[in-house]
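Here is a brief report on one protein model. It starts with charge pairing and then turns to the fold, a helix and the surface.

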Amino acid sequence: MEADDAVFDGILEKVGNDGRFQRRFNLIFNMGAIIFASMSYMSIILALNKPPHNCHVPGMERFNISDAEMWKNLTLPREEDNKGVLSYSKCQMYNVTEAHLQMHYSEWRFQESDIINCAYGYDYDRTYYDRTPITEHDWICDKGFRETNIFVYNRFGELVGTFIFGQLGDTLGRRPVFYFSVLIITAGRLISMFTASIYVVFCMAAVLGSLTSNSIFQAPLIIAMEVSKSERRGYISMMQCIGWTTGLCILPMVFWATRDWFWALMFTTIPIFLFIFIPQYLIESPRWLATRGHYKRSMAELRKIANVNGIRQLPFDERSLEKLLSHRKVETVYGMASLFTGWRMARNTIFCVVCWIVASITYFTLVLLSSRLDGNPFLNFLFQSAIELPAYKIGQILSDNLGRRASNSLAFLTATVICIPIVMIIRVAEYEYIAIALSIAIKFCVSINFFAVNLQSIEIYPTCLRQTGLAFAAIMANLFGIFGPYVVYLGTEYDVRYPFVVIGLLSALGATCASFLPETLHQSLPETIEQAQKFGKKQKFWSLPKKPKTEGVEIGQEMEEGVRLKDTDDDVRMVVSLTYFTVMLLSSRMDGNPFLNFLWQSAIELPAYKIGQHLSDSLGRRLSNAMAFLVSTIICIPIYMIARYSEYETLTIALTVAIKFCISINFFAVNLQSIEIYPTCLRNTGLAFAAIMSNLIGILGPYVVYLGTEYDVRYPFVVIGALSAVAAVCALLLPETLHQALPETIEQAQQFGKNHRFWSLPKKPKIRPADNAECEMAERKRLNGVH
């Protein structure tokens, strides 16, 4: 008799375990829905941002003082802030009485006994926010704990909700839990918007909105895992991670655009509710239905999958499905207590939970800290979020090669090491940017941890306990995660180093526990509690997972060859990415209407892509790419000469749009080249690596813009011109790919472009008329396979 997992995996092969249905499901629910769910879930953090503030001291107008800094110097005492820097007090003022206002301010002499708490309200820095609950209701100073307490209540809500809905997922089903999750998180956020004036009700609404913050992510992920082949599990998890990060990147932009917490919450909450209206695309897990003995419903869901995948006739029906699976007994489970049946399963649960706790506390501590660090809170939040994209991709690569266990342990260990220099430098003002960069590096590591431990949690539990196991881990993470806001409070109110001491110690504990978890890479999902109790029993501690024997190249050879092929192409992609996003950021900071500037910059891409296609298909990819970069370099010269003169404002904008036109052609050409120069076994890896590197270097784009807005408007164009010149040279050194067959093997890729002449143009190969139909059919088959 086949093993239980092999039986159902065989059934899924018949209906299609990697077809159109799986791609559509993942696109809609593990990316689209997650984008909006992450925005709704995390919006409360930016809504409760605490802007810089000081006591409001009246009387400034009586002395005709227009310099706010001068008035602060006269009326506010100084104290050390959380970085040990002497600055104006946030919550205290000198007792400026009517008697003081009758004399000239030069005669004022205040003593320590004249210091009182703010008596006339507060002045807030409105640079980034016009309105938040904190500025509306003065949740600062003696009410400063209100914000921190709300975050704690949020975690409490997650704790209770995960306990309830996590177990419901394994008893009531994954599908209804997803719909409950959408309704509850939407209701909680909408109630919050109208109740900020009533603190108790606001807190209750925050708790309601966080009840299903875990189940809304877990339900579609588990369904996708259970209807897909094992090799796609890492990819599915990464898709949800990309959806999460995309939502987090959009979120600060919404807040920045609205500047008002009420409308920002409205715009980030309503979209997730719309997924209620597409029930035809969401199925219940047929694997879960089968384990519960619901063979008729399981068969109905399998038919839905088969129909979408283009399979009209199945070699089994409901009766044969029941016969295939009838030897399974419907296991009796006792909720979360079943996770501790047997020593090995209990040990795995404990270690897994500890990893979840450490990753959760570290992640949310860093997220809360990001909006409280110096500088633009939206850009800090954006950078903390953007770093997750390459982290998840690298997490997938490591998890699929080194294994989940080693990837998890190494990431925790790296985070521990990074905390050491942060503790040493974070109170020194001149090392501020280094400290921010290192904190982002910790976020990078903990994002890998989240990826790996989430994958492990799904893979070590049996089907009948899978969502319960995930729920228990999330509950414990949230229970201990309640301390996260207080860790941040220690840093903001006492010493900025304290959070990183805590993160470092916890990460060391996480590294130890992660190393004792069983390896799940290349292992079948356990179907029964008995299988889960034996999972990992024969694995050696120092061993690495072995990949099943398949035709293809070894990992070491892939990586070595990948590095060789990527160098020049990545240089080009990095310049394209940095230039593109720098120009986009500049568009809203140039003189004139920022919205029209942004519109012109966007609209010019349409003709650019069409012309890019025409040039690439006639002159070739290499020459089109190099010429576009060269033209960008030339355009930067007149911009540098006229950018500081207001009378040439319109001309400057037009030339900037021309650069955007060129860089859009570059995007088209280099993307095409990237696909065509790599062999089939490395094509996706090559594109992914190029994208990662371009995104990493592209992070510098906002700083290039900052140079222009804060120092000299010409600086960004100096950078763009210089980079474009470098990229033009690199593009010329790439091989021409027009009219060339795609390399299939590494050996072909190593020889690709070897006989090309530097000054030659691509020539279209001659095809005999008799061969046209045959070639066309062969090409269609090849393209259909790729598609």
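## Salt bridges

A search of the whole structure finds 10 salt bridges, each a side-chain nitrogen of Lys or Arg within 4 Å of a carboxyl oxygen of Asp or Glu. The model is predicted: local features need pLDDT of at least 70, side-chain atom pairs count only at pLDDT 80 or more, and totals for chains, interfaces and linings use all residues. Residues are numbered from 1 along each chain as its sequence is written, and side-chain values use heavy atoms, without hydrogens and water.

Asp-130 pairs with Arg-259, with 3.0 Å between the closest N and O atoms. Helices (H or I, at least four residues) and strands (E, at least two) are DSSP runs, numbered from the N terminus. Asp-130 is partly exposed at 43% relative accessibility. Arg-259 is partly exposed too, at 22%. Here buried means under 20% relative accessible area, exposed over 50%, and partly exposed in between (1.4 Å probe, protein chains only).

Lys-304 and Glu-301 form a salt bridge at 3.4 Å, N to O. Both lie in helix 13 (residues 295-308), three residues apart, about one turn of the helix. Lys-304 is partly exposed at 41% relative accessibility, whereas Glu-301 is buried at 10%. Salt bridges with shared partners also join Arg-131, Glu-136 and Asp-260 into one network.

Helix 9 (residues 215-226) has 12 residues. From first C-alpha to last it reaches 16 Å, close to the 16 Å expected at 1.5 Å a residue; the expected span is 1.5 Å times one less than the number of residues. The helix is mostly covered, with 12 of its 12 residues buried.

Among the buried residues is Glu-226. Its side chain meets that of Arg-174 in a salt bridge at 2.8 Å, N to O. Arg-174 lies in helix 7 (residues 174-193) and Glu-226 in helix 9, so the pair ties together parts 52 residues apart in sequence. Both partners are buried.

## A buried threonine

Thr-362 lies in helix 15 (residues 343-370). Its relative accessible area is 2%, so Thr-362 is buried. The side chain of Thr-362 reaches the backbone oxygen of Val-358 at 2.8 Å. Beyond neighbours within four places in sequence, Thr-362 is in contact (heavy atoms within 4.5 Å) with Ile-442, Val-446, Ile-503 and Ser-507.

## Loops with positive phi

Asn-64 is not a glycine, yet has a positive phi of about 55°. This residue lies in the loop between strand 1 (53-55) and helix 3 (68-75). Asn-64 is exposed, at 71% relative accessibility.

Asp-138 also has a positive phi, near 55°. Its loop runs between helix 5 (133-137) and helix 6 (145-171). Asp-138 is partly exposed, with a relative accessible area of 27%.

## The chain as a whole

The protein chain has 33 helices and six strands. Of its 787 residues, 53% are buried. Among contacts between residues at least 6 apart in sequence, 80% join residues at least 24 apart.

Key. A polar contact is a pair of N or O atoms within 3.5 Å; within protein, one must be able to donate a hydrogen and the other to accept it, and residues adjacent in sequence count only if both atoms are side-chain atoms.
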